[in-house]
Amino acid sequence: MSGEKDLEQLKKEAAEKAKAAALAKMKAKEASTEAATDKPMTDEEKAKAKAAAAAKAKAAALAKMKEKEQVEEEPSSSDDTDIAKQKAAAAAKAKAAAAAKAKAAALAKQQGGAEEAPAGDDEKAKAIAAAKAKAAAAAKAKAAALVKQQGGAEEAPAGDDEKAKAIAAAKAKAAAAAKAKAAALAKQQGGAEGTSAGDDEKAKAIAAAKAKAAAAAKAKAAAQGGTAGDDEKAKAIAAAKAKAAAAAAARAKAKPAEEEAPEELVPSPNQPYLDKYVKVIEEHLGKDVLEDFYINNLSKDVPTLVAKPENYYRIAEFLRYNEQLGFNYLSEFHGGDFETHMEVYAHLYSYNNRQSVALKVKIDREKPEVESLSKLWAGANWPECETYDLLGIQFKNHPNLYRIMLGDDWIGHPLRKDYEPYDVEV
Amino acid sequence: MLRTEEMLLNVGPQHPSTHGVFRLVLKIDGEIIKEAKPVIGYLHRGTEKLAENLQYTQIIPYTDRLDYLAAMTNNYVLCHAVETMMDLKIPDRAEYLRVIAMELGRVASHLVWWGTYLLDIGAVSPFLYAFREREMIINMLNELSGARLTFNYMRVGGVKWDAPEGWIEKVDEFIPYMREQLKGYHDLVTGNEIFMNRVKGVGRYTKEDAINYSLSGANLRCTGVKWDLRKDEPYSIYDRFDFDVPVQEGGDAWARYHVRLAELEESLKILEQAVEQFPKEGEILAKVPKIIKAPKGEAYVRIESPRGEIGCYIASDGKKEPYRLKFRRPSFYNLQILPKLLEGENIANLIAILGAIDIVLGEVDG
Amino acid sequence: MVEELLQSQPGLLNFGIFFLLATVLLLVVLGFVTYAILAERKVMGFMQLRQGPNQVGGRWGLLQTVADVLKLLLKEDTIPKLADRPLFILAPVIAFAPAFMVLATIPLTDHLQFADIGVGLLYYIAISGLTTVGVVTGGWASNNKYALLGGMRAAAQMISYEIPLVMSVIGVILFAGSLNLNDIIAAQDEQGWFIIWQPIAFLVFIIASVAELNRTPFDLPEAESELVAGFHVEYSGFRWAFFMLAEYVYLFAMASLTTVLFLGGWLPPFDFLGFIPGAVWFALKFSVVIFFLVWIRVTFPRLRADQLMEFGWKVLLPVALANIFLTALVKELLKLF
């Protein structure tokens, strides 16, 4: 299936990239050691050299990938060709950008002098920023156009996430396009060899322009390839995003300490789910029912919703009974004493969608009270009794709240942070 | 005028068949149970409160004592939670040792369940056969970790002890032997008319009930839900092994019996593959600091223990002790459905139903 | 020998001899019980991959039961405060006495029989039913819910399985033409053992006898793991030993009845082996039956109370009745040839 092919291609690319990165690091080390013997290098230059090497290696890898893709393009369907073309374009762009950067760094080294280098950095940085801004603007415009074009071809449940994805994709495409343009330009000009730093800027500017054009082309191609399924698009988008992120990372490396490149955090794979949940909840229950929502990166990226105490039961009910969400399994339920407040944590799972979500609510510590979930999930009965027993949280509308663990005549709630054991003798 | 009275019967904390200190207050009318109220908490030892003052490595022996029949999985859930928070990469050899230990523990636990379940039903011999095999497993785990029941074997980042010389070969020899014995068990018990009559149709519940009551493990798979955390949310290196998830449709004790014995079979398959793929050398513990500190935040992980889904929630504020530690104990959740199952049942079926849920009181109370 | 005694004049000497003989039988039976318990434990042990008792009295634990009974004799005699005292004390006696009484009619060899009455088999069946009374009394008098439940279950079970027991034996009576146990053995001498002629009756009889004896798979009344020992939960020390004694003496009686009815009693299997005395043959066949009953105990799980009743009434009884019909048919057919 073409979808799987994309996945495999993606995987291959990722593998190649990793290899390239490792290679690059090695080369960078060698380069730095070599350069060290030549003349004392500042940290910046060392980093630049590393970045340059990395970029070179990446370029090499991307070139290999491009070759492979061109080989594979033959037997693939038209859809694939489009996507492959897109990928190839993106790859080429990235390569080109990397190559350009590398050459620029090498140039800087050649021209020697730590003084020039930072200056060159600044300029380069500014130039890159400008280019990016231009690219971003172009991308946004393109994205809007894309969306309009694809408005008819997209399936009904295209929601916020689709649009967001498309926008992100377009942005990424634009960035990649910028890079590609730079590379192409650099190549055309026979490389930036022998040119000054100013050429770099020019090259970058030209690259940005080219990127715009390329992005436009890609967008058109994507629109024509609208019969491709959402999945494929998503995968292509993901691929592009990944490449963009990689490129951004490389760029970031090229600008050490001085100016931090605007960081692009790799968005969690569950971010779309979180967005979906928040959107659906806000649609049905109104805005402002959730106190907070985020992806818990430490806990296998589970989407976490923090509800406001008055809306807790409604949200839980909604999560349980809504057909789209259908969280019919309560995996965990417990309370915790966080000194300023108490917290109740419920980990829900949906067998139909195979997704988890965590629902938390912060409650008042002096008079801890929440609604009971045992009407929604029968499995919440005993855990709530346990939470009541050990923490003192009262659950309203619970069928039978009793001290399940400690027995009726225990004084105090042990899991509270201010618990003093009551001993008759002491 | 003759009238019958409802009798209050206490299947007391001390009872040969309740698998621990578990009390069931029954209202019976003749032989029919009208209402059953479980009373637990006899074995509550305050593990979670204690853990708030202990470093992570010090909590591991406490996890052993939760589900003492399958202590390896308990060890692992705590280590896995901390490792997930710290985003550690565990060396290969350690992972394989962990998987082998956990699967051996699973086989041992299912053997105990089988033997004691049949003892409750009235057959006195299978108990001894099961324990003969379990003795071999316990001896192997003893060689590996130094203890027969409460292993204290896993550490955050790997395992504590490496496999001694010739240990893997012993595991390798055990697997075909256990297969033979398993065949013998099926011959002896599974086809027995009396046993089938005791167990078929007893303690039946539906898929919706099972999901609603948060059942897990064999209790869930006996209703037709094909769900095993080792396959569906793979942790450790379970995605490298090829094994099946046995599922039955009946939802009664008979189905649970079959699911558990089939699971035993699958564990043997995993063991075989693990022993084959076992790396000849490697580290057994990743590079972790001497005192483990989990990053600030919270995490909840869950894995598949022989009894069901065991989970561990850690809320940490960067210190070397957890701020809040909570174990999601499968037997605690699985036991909730007991009052519902017992309404209207015979007393004789009480034992059959309770045994088929497979609880361990250490876990229920924690 | 006993025949002459029965015919002779009643007098003090006569009575004394009878009493002595009865005591001898009692001692023999007690000796049997001692070693039957040990044998059961040993056989169960070996079937469960372990050895039974092997410490007390040498390598084969020969004095194990003696030590156990001694311990039981020395225990405190506890009677619950709210128990019904007279009934509590009487229950074990009522349970034991019939089990011993039925031994009177069993022909142990061709000369050794205590009472050769014309309706020996009927006497046996009738008296053995009295054990149920003892069990129920024990369950009631203990003033304990578990014991009561156990007692009720036991009563239901034993009564239900008496009927298939008797029905299955009717086939044997048809073939032998008499209720006298000696006649039955004589008939087997002519025709061959009734286990060959009455296989269905044999099966029904064996199953019903296991139920009568309250042994697994029919040991609901004493379900150790369910009702914590059932009807004799409040009995300790020697009273409990009495119940155990009652069970094993009844086992003796049932096994010997099986031997007499189906396995030819003291007859040798083949005539040329007739030089071996009848007592030896009786003992051998008897031991085989006991071994078989122990074997069943080790292997099978327990039946539930309602399943047990269902089985007794809906399966065994119709089969036994069918067997009677079949036997009559076969007998007529045989008469024709």
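In strand β3 of chain B, B:Ile32 stands opposite B:Asp29. This pair belongs to a predicted model, in which local features need pLDDT of at least 70, side-chain atom pairs count only at pLDDT 80 or more, and totals for chains, interfaces and linings use all residues. Residues are numbered from 1 along each chain as its sequence is written, while chains are lettered from A and ligands numbered from 1 in the order in which they are written.

**Strands of chain B**

Helices (H or I, at least four residues) and strands (E, at least two) are DSSP runs, numbered from the N terminus. Two strands pair if DSSP finds at least two bridges between them.

| Pair | Sense | Bridges |
|---|---|---|
| β1(B) (residues 7–11) and β2(B) (residues 23–29) | antiparallel | 5 bridges |
| β2(B) and β3(B) (residues 32–39) | antiparallel | 7 bridges |
| β7(B) and β8(B) | antiparallel | 5 bridges |

Strands β2(B) and β3(B) form a hairpin with 2 residues between them. In that turn, B:Gly30 has a positive phi of about 75°.

Further along chain B, an open sheet of 3 strands has the order β6-β7-β8, with antiparallel pairing. Its edge strands are β6 and β8 of chain B, each of which pairs on one side only. From one strand to the next, the twist averages 10°; such angles run from 0 to 180 degrees between N-to-C directions, and axes are lines fitted to C-alpha atoms, for helices over the stretch in contact. Within the sheet, B:Cys312 has the bridge partner B:Phe327 in β8(B). Helix α3(B) packs on this sheet and touches β6 and β7 of chain B. The direction of α3(B) makes about 145° with that of β6(B).

**The side of chain B that touches chain A**

Two residues are in contact if their C-beta atoms, placed from the backbone, lie within 7 Å. Contacts join 31 residues of chain B to 26 residues of chain A. Among the elements giving two or more residues to this side of chain B are α3 (71–86), β6 (297–305), β7 (308–316) and β8 (324–328). The largest share, 6 residues, comes from β6(B). By class, this side has 13 nonpolar, 9 polar and 9 charged residues. Here Ala, Val, Leu, Ile, Met, Phe, Trp, Tyr, Cys and Pro count as nonpolar, Asp, Glu, Lys and Arg as charged, and the others, Gly among them, as polar.

**Chain C**

Chain C has 14 helices and 0 strands. Its radius of gyration is 21 Å, close to the 20 Å that the globule rule gives for 337 residues, so chain C is as compact as a globular protein of that length. This radius is taken over C-alpha atoms, and the rule is 2.2 Å times the number of residues to the power 0.38. Along its principal axes, the C-alpha trace of chain C spans about 65 × 50 × 45 Å.

Of the 337 residues in chain C, 42% are buried, a term for residues with 20 or more other C-beta atoms within 10 Å of their own, C-beta atoms being placed from the backbone. Among the contacts in chain C with a separation of 6 or more, 76% are between residues 24 or more positions apart.

**Confidence**

The predictor's confidence in each residue is its pLDDT, from 0 to 100. Chain C averages a pLDDT of 86, and 96% of its residues score at least 70. For the complex, the predictor gives an ipTM of 0.90 and a pTM of 0.72.

Technical notes. Buried ≥ 20, exposed ≤ 12 C-beta atoms within 10 Å, placed from the backbone.
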